[in-house]
Structure formats: C-alpha cells, structure tokens
Amino acid sequence: MIPTNGRHAHRRSPWPIALAAGIVAVALVAGIMIYAGTRNSSAGEQATIPPTQAAPSLSAPPATEDWPRWGVTHTQYSADQDTPEVREAAVGILAREPMLQNQHIMGWGAGNPEPSPGRYDFRDLDRRMKMMSDSRSIPVITLCCAPDWMKGGTAGRTDWSKNHTTAPRREHFDDYAKLAATVAKRYPTVKHFMVWNEFKGFWNQAANRWDAEAYTELYNKVYDALKKVNPEIKVGGPYVPIDHHDPRIGTSEVSGPWGVVDQRVLDAIEYWIKHKKGAEFVVVDGATMTKEQEQPLPDEFGATAKFSAITTWLRQKSGDLPVWWAEYYVEPENTGWSEEKVAAVQATAMMEFARSGVTTALYWNPQKKPAGECHGCVWVPGRGDEMPMAGLLSGFVKWFPTNAKLEQVTTSDPKVRVLAQPNQMVMVNTTDAELTATVDGKPFTFKAYEIKWSQRGPA
C-alpha cells in the first residue's frame, strides 16, 4: 500500500520540474523507449484476489443536530490494524463526539480494490469502514487512487511506488466511474464522496499547468455514476492543493502577509467550477508553509489566515458552495515542536475555518505502526492513550459545528486567540511563555501554548 508517514510529503511547485524536463527531454525519450522495450511485465505486487465476500454490516451514521464540521482522515496505519485493546480505545476516543471520518479506496490503509477488471478485493476497505462505523462516524470516502490496469500497468499487479502519482488514462475514465459506483453500492451508509486526491497525475507538463480539463472529465463521469446509485449522494471536487509562494514573488487573485497563491491553482478551480456536471461541495487542501522556504509567514500563527482568505475566495467563485478542506498542514518538517505547540497552532487554524464559514475540515491523522512516538496523533499507537489532538477535535465537534452562532469577545492580550459561541469559548496562548489575560471579562492564566475552554452564559 502507499507508504506514508501519516501526512503528505511537502509539495514543491511544479514549474522547476517542467523547466528541467524541457532541458533533458531528448535524452528522456530515448531512455523511455529502451525502458518500455525491456520492462518486466510482471513488475509490482502480485494480487491475491479472495472469493467474493459479502459487504460488511455497517450501522447508520448517528443523528446529529448539526453537521459536525470537524473530522479525521485515516492514513496508512490506524487502529483497525492494532491490537483489539487499542482498537477499542481508539473507537472510544472517536465515538465520544461523533465526527466525520474519511478513508481512501486505495492506498492509505486500503489495498487495490479491483486488481483485475471486474475482480474485487475489499478486505482492507471493509475492515477500515467497519471501524469507522463502530466509532459512530459520519463516513466519507475519497475516490483515489486507481488500479494499475487503468493506468497502463499490468492487471493483477500493483506497483505501489507509482500508484499515488498517476491518474487513470482517459480510455479508463468510464472504468473508474464504474468502480466508484461499485464502492457506493457496497457501502450505502456513505453519502459523501470526494473525487480523487490533490490532482495526482493531472499535471500538463507541456503547458506547465494543472490539467483541469482531464480531471473535470473524470469528475463528471464519476459524478453521474454516483448519482445513478443514489441521487442523495453528495459529491465534491476538485481536491486540488492550494500552493502559495513568498509574498515578494509575483501576484495572483489571492494573497496576504502569509504569501501569494499560485494562480495556476486558482485557474484550475475556476475551470472545474465552470465545467462540472454538478457538485454539493468544493474541496481543497493546503499548508501554511510557502513553497520556497517551507516556512509559515509572518509566523506559524499568523499564517493560518491563509485558510480564511482561500475559503472566502472559494465561496465567492463557486456561488457559495459549502467549502471542505480535505487536508490542512500547519507544521514544517522536523520542527521539534512540542505536542502542546502543535495543538495550539492547530486550534488557531480551526478558529480560522470556523470564522470563515468552512463546512468541513478534516485532520490528516498521522498514525504510525504500534511503536514509538506518534507526533500529532490522536491516540498513541500500541497503547490507545489519547493525545492532545483528541480533546481538541472533540471540543470543536461539540461546541463549534457548522451552524454554531459565533460571538465576538474581547481579550486584553492579542497573543491570546479566542473563538466563542453563546455557551462556550476556547482560548489559545500563542506564545511559549506563561501569561495572564482578561478574556470575555474574566481573568485567565495560561501556560505556554495552553488551550483553555470556558463556559459562557447561564450555568
């Protein structure tokens, strides 16, 4: 399955790659031709396709007064692969406040669902979906990635080293739509589907831009196929990464002290908006780090304003479609941040999502194998103890669902960020030192990067 450390690798802007490709194009053509002639057709992992199995019995999602807004995406490792005791503990953490839980159909913990045309293997996906059901999730499925035979590979084999970088070929778009419909029929409790992931494989090398035309063609076929299964299914795209650059480099429609969004990304989104068959929500993802320095500007807390700026632009351009952030990242690689600082910056980002009217924000849960540290995880692998992100997610699910009425409250120190609704508020100390501040008329003392919750209104 797709190797992952629990989050996506930092994505560099494609334009340097395109420039280099132009320089070495002639040499590459010769190399590719030689490779094509000598390629071992049996390369990749051989599929062991099981006998046809009945779909798992999944509980209906819990009834909620409002859309929870917050949730997690399961990655390469999760509690379904841990001990029964850890699975039970993780299920309890996730079920405490029913939240959205997302799973990809191939990779990130799930094997190839259709190793050969018409021959299915849903063992991994069944196991993951069952855990999501047991933990009272509102389930979401991401339709990515695609079996090798849809991408020019060998039927019956899976080359995981290339799986996450290649899109299905146009002649197999109908096959992929058929697979999407098969998944929807197998898991009828799932009513929300995101189409593809980060435009993987949809880069137009010759034009040095995203291939929004090809993606939208695939999206429209999948949209039609899902609606035929159940008209109540909600579908969203384009799930493109919102990359941005140092604010001193160029201009675009969306910019701020945190940077300048790559205009090619915005152009791809606008193409999809104009040419899609339909959509119930618009999906993007992104990080606060610039592509040049991979550092957040003006700092890690101020950079979260990017999320509000992008959300506002998306709502304006899409005719106010609900906005989903399928992934969001706020920590550069190898920072050495404490778990408290990670949670504090995450909480600040979540405040931006809530204020800007985001409908859904999914935390990319970086679980690992049952051993060692698990930085930023929701629970400790191998033990099941909850980590700071667990309480943060549960609190936001409970107190700040989609239609929560937000209220302005005052704080005596701007270094304390606050989000409030009539009955509850959450505060974050954005410094590495203890401080005291008056918030909403009450005195509070905060430890470094501490998050505090406080009741408001009548007791």
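**A first look at the core, the helix pairs and the backbone**

Trainee: Not counting residues up to four places away in sequence, what does Trp196 touch?
Mentor: Touching here means heavy atoms within 4.5 Å. On that basis, and leaving out those sequence neighbours, the partners of Trp196 are Thr142, Leu143, Cys144, Cys145, Ala146, Thr166, Ala167, Pro168, Tyr176, Phe202, Tyr215 and Tyr239.

Trainee: What kind of model is this?
Mentor: Residues are numbered from 1 along each chain as its sequence is written, and side-chain values use heavy atoms, leaving out hydrogens and water. Local features need pLDDT of at least 70, side-chain atom pairs count only at pLDDT 80 or more, and totals for chains, interfaces and linings use all residues; the model is predicted.

Trainee: Which residues have the most contacts inside the largest nonpolar core?
Mentor: A nonpolar core is a set of buried Ala, Val, Leu, Ile, Met, Phe, Trp, Tyr and Cys residues joined through side-chain atoms within 4.5 Å; buried means under 20% relative accessible area, exposed over 50%, partly exposed in between (1.4 Å probe, protein chains only). The largest one here has 120 residues. Another core of 11 residues lies apart from it, with Val416 and Phe446 among its members. In the largest core, the top pair for contacts is Tyr176 and Trp196.

Trainee: How are α9 and α10 oriented: roughly parallel or roughly antiparallel?
Mentor: The axes of α9 (residues 305-317) and α10 (residues 339-356) come within 8 Å and cross at roughly 25°. Angles under 35 degrees count as roughly parallel, over 145 as roughly antiparallel, 65 to 115 as roughly perpendicular and the rest as oblique. So these two helices are roughly parallel.

Trainee: Which residues of α8 make the contact with α9?
Mentor: The axes of α8 (residues 263-275) and α9 come within 11 Å and cross at roughly 30°, so this pair is roughly parallel. On the α9 side you'll find Trp313, Leu314 and Lys317. On the α8 side, look for Leu266, Ile269, Glu270 and Ile273.

Trainee: Where does Pro298 lie?
Mentor: Start from its peptide bond: going from Leu297 to Pro298, the bond is cis, with omega near -5°. As for its place, Pro298 sits in the loop between β13 (281-287) and α9.

Trainee: How does Asp320 count at 45% relative accessibility?
Mentor: Asp320 has a positive phi of about 65° although it isn't a glycine. You'll find Asp320 in the loop between α9 and β14 (323-329). With 45% relative accessibility, Asp320 counts as partly exposed.

How values were computed. Axes fitted to C-alpha atoms, helices over the stretch in contact; angles between N-to-C directions. Helix = DSSP H or I, 4+ residues; strand = E, 2+ residues; numbered from the N terminus.
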